[in-house]
Amino acid sequence: MDTFKILINEHQIDLSEDDLTKSSLSNSADSNEHRIKADEPRVLNSEPLKKRFLIAYRGQIYRVKIQDKNDLLIDQMGYTQTQGTKSEHIKAPMPGLVLEIKVKSGDQVQQGDSLIVLEAMKMENVLKAHHDGAVRVVNVEKGQAVDKGQVLIEIE
Amino acid sequence: MVIKKILIANRGEIALRIMHTARRMNISTVAVYSEADQLSPHVRFADEAIFIGASISSESYLNMDKIIAAAVKSGADAIHPGYGFLSENPLFAARVNESGITFIGPSAESIRTMGNKISAKEAAANFDVPLVPGTQAAIKDLDHAKKVAAEIGYPVLIKAAAGGGGKGMRVVNKESNLEEQMSRATSEATSAFGDGAVFIEKYVSKPRHIEIQILADQHGNAVHLFERECSIQRRHQKVIEEAPSVLIDSSLREKMGKAAIDVAKACNYVGAGTVEFLLDAEREFYFLEMNTRLQVEHPVTECITGIDLVEQQIRIARGEPLNISQAELQIYGHAIELRVYAEDPGNEFAPSIGILNKYQPPTGIGIRYDDGFEEGMQIPIYYDPMLGKLVVHAADRESAIRRMLRAIDGFLVDGISTTLSFGRFVLNHPAFQKGDYDTNFVSDEFSSEKLDAEFEPDRREVAQLALELYLKDKRQIKLPLADSSIWKHSRRQWR
């Protein structure tokens, strides 16, 4: 029996064809909860050739990507583990305004040290170092507006 | 006093909600808007709309000169401030009145008294309303803070004197954290309210946040419209509210209602207001603060009483005596509100910015959704990240919970994360269903892992469906001579 890796909104579920026969969806009679039509998943977009599906279910949207054993094999071959240096990029978790920068280039920081205070939607968020290191570069200035994902500080 | 035209000094859902009532009362509406809100629903719904400046609040919704100038220009005879922004700014209320325009709300003096938590406590104490132990004066410096905190005993709560909405508020569990939390609270208070003064009070453990809605007219009449239970909070900000509270029986309700009216009298209050209390594990209540405006969560009270609070605000502003007495007020059924925030509950409720690719709120009997958004709109970073308020009303609490769960399931949002998933977690939680929860619910009971687990069965079902679709398609591709009608039929099944 073939098994498949189903990637679904950052989660992974392994399924085999065998699991499908137990699915409550294809056999709703054994469900003890009375289902009305609105409760059933709706396929918003279906791309079986690309093994991609967009499905809405109970208020959530699920982006599904199916990987069969060939895909998994390709994944494994292309996958090389890199023993990267312990560098850390402090990124903005959300768009906002830099209120305060607590470190400068060359500073030694320890895990948990406050690095930068970011304001978004009237809340102040303190970004902290995830591990010890030295500040290589500070890419932003106080008062600057930043985008989500923008690298604010690099630590090595 | 006649009110023919109201300018709403606000945006989003609350601006729309006020306009709906105004229109029903045959009163014209004037919207104001910033650059970011040019295409917003509240601008299009209003009879007139006036541009007041840049997206950042200080240039627009917090700018008194521009708003008063807009009111004068449009010929509005009243201003409704909504909540947030200038709604609790005594200077604004005074300046509106000085311009010959009616401020729909209490007097500047009432706002000033209740807006400062220290004077608010003094006023309440004069009427023997119980208070949480704490400082009666603003904290001067760190040494003072350390001394006071040690006297009261940790944990303590640092609060902005001018605060509200959880801003400038920090819990401190031990002295070594005091300095950093003090400076954060002071800085947040300065940027949010322009006043960095903070004070310290005892942090009541297992507290329930219960508030009483009151209405007071200009003729000395006041009624209370029962309680709202607002204990489900994150960052000291409410997310789920309900009315009535399971904890409160009719005798406690009467006592708290009377205390709330006393607080209103203590500041000569006029209009709709909310008196917030903490209820401890022994069901003792302590006065927290009074919100001298319409609350975000006012719809739950409207549901259970059948009273339109905005209509009452306007009537009171017109000088009419209250048209309802305490004896006439009754509780009908149970109502629950879920605030739908553009936040990621799986990531410490961090703001979730993006475009509403899909936005289909639920409808149905007993479902009310107040919002100011539409599909395709971008969530602006300049303002509070609330999309709207999902409110349900049903005959009893159990049915209300069921109705809310159905409403959440029927609410489709894509493009951003929202607190809808959090709502489902809470309403499915046994502690919530039993009514046995307090303001620590989120820290005690909630985590991103538990949220994940809540959705695991759904994910599995969806994954199975996707795999079925894929395999079905694959089988058909392998059969080049397959009848096209079978192809169509099998595809249609899943539409």
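In this predicted model, the backbone oxygen of B:Tyr83 lies 2.8 Å from a polar atom of the side chain of B:Asn10, where a polar contact is a pair of N or O atoms within 3.5 Å, and within protein one atom must be able to donate a hydrogen and the other to accept it, residues adjacent in sequence counting only if both atoms are side-chain atoms. B:Asn10 lies in the loop between β1 (5–8) and α1 (12–24) of chain B, with helices (H or I, at least four residues) and strands (E, at least two) taken as DSSP runs numbered from the N terminus. With a relative accessible area of 2%, B:Asn10 is buried; buried means under 20% relative accessible area, exposed over 50%, and partly exposed in between, for a 1.4 Å probe and protein chains only. Apart from neighbours within four places in sequence, B:Asn10 is in contact with B:Ala15, B:Val32, B:His42, B:Tyr61, B:Pro81, B:Gly82, B:Tyr83 and B:Phe85, contact meaning heavy atoms within 4.5 Å.

The model is predicted, so local features need pLDDT of at least 70 and side-chain atom pairs count only at pLDDT 80 or more, whereas totals for chains, interfaces and linings use all residues. Residues are numbered from 1 along each chain as its sequence is written, chains are lettered from A and ligands numbered from 1 in the order in which they are written, and side-chain values use heavy atoms, with hydrogens and water left out.

**Helix packing in chain B**

The buried residues of helix α5 (residues 108–115) of chain B are B:Ala108, B:Ser110, B:Ile111, B:Thr113 and B:Met114. These buried residues of α5(B) pack against α4 (90–98), β5 (102–103), α6 (117–126), α9 (250–266) and β13 (285–291) of chain B.

With α6(B), helix α5(B) packs at an angle of about 100 degrees, the axes being 5 Å apart; axes are lines fitted to C-alpha atoms, for helices over the stretch in contact, and angles run from 0 to 180 degrees between N-to-C directions. That angle makes α5(B) roughly perpendicular to α6(B), on a scale in which angles under 35 degrees count as roughly parallel, over 145 as roughly antiparallel, 65 to 115 as roughly perpendicular and the rest as oblique. The contact is made by B:Arg112, B:Thr113, B:Met114 and B:Gly115 of α5(B) together with B:Lys117, B:Ser119, B:Ala120 and B:Ala123 of α6(B). By class, the residues of this contact divide into three nonpolar, three polar and two charged, with Ala, Val, Leu, Ile, Met, Phe, Trp, Tyr, Cys and Pro counted as nonpolar, Asp, Glu, Lys and Arg as charged, and the others, Gly among them, as polar.

Another pair consists of helix α12 (residues 397–409) and helix α13 (residues 420–428) of chain B, which pack at an angle of about 155 degrees with their axes 10 Å apart. This makes α12(B) roughly antiparallel to α13(B). On the α12(B) side the contact is made by B:Ile401, B:Met404, B:Leu405, B:Ile408 and B:Asp409, and on the α13(B) side by B:Leu420, B:Gly423, B:Arg424, B:Leu427 and B:Asn428. The contact of α12(B) with α13(B) has six nonpolar, two polar and two charged residues.

**A buried threonine**

B:Thr301 has its place in helix α10 (residues 298–305) of chain B and, at 0% relative accessibility, counts as buried. Leaving aside neighbours within four places in sequence, B:Thr301 is in contact with B:Gln213, B:Leu225, B:Arg228, B:Gly306 and B:Leu309. From C-alpha to C-alpha, B:Thr301 and B:Ala22 are 19 Å apart in space, and they are 279 residues apart in sequence.

**Backbone features in chain B**

| Cis peptide bond | Omega |
|---|---|
| B:Tyr154 and B:Pro155 | about 0 degrees |
| B:Ala243 and B:Pro244 | about -5 degrees |

B:His236 has a positive phi of about 60 degrees although it is not a glycine; B:His236 is found in the loop between β10 (222–234) and β11 of chain B and, at 29% relative accessibility, counts as partly exposed. B:Phe349, also a residue other than glycine, has a positive phi near 60 degrees and is found in the loop between β15 (343–344) and β16 (350–351) of chain B, where B:Phe349 counts as buried at 5% relative accessibility.

**Chain A**

The secondary structure of chain A comes to two helices and 13 strands, and buried residues make up 37% of its 156 residues. Of the contacts in chain A with a separation of 6 or more, 45% are accounted for by residues 24 or more positions apart.
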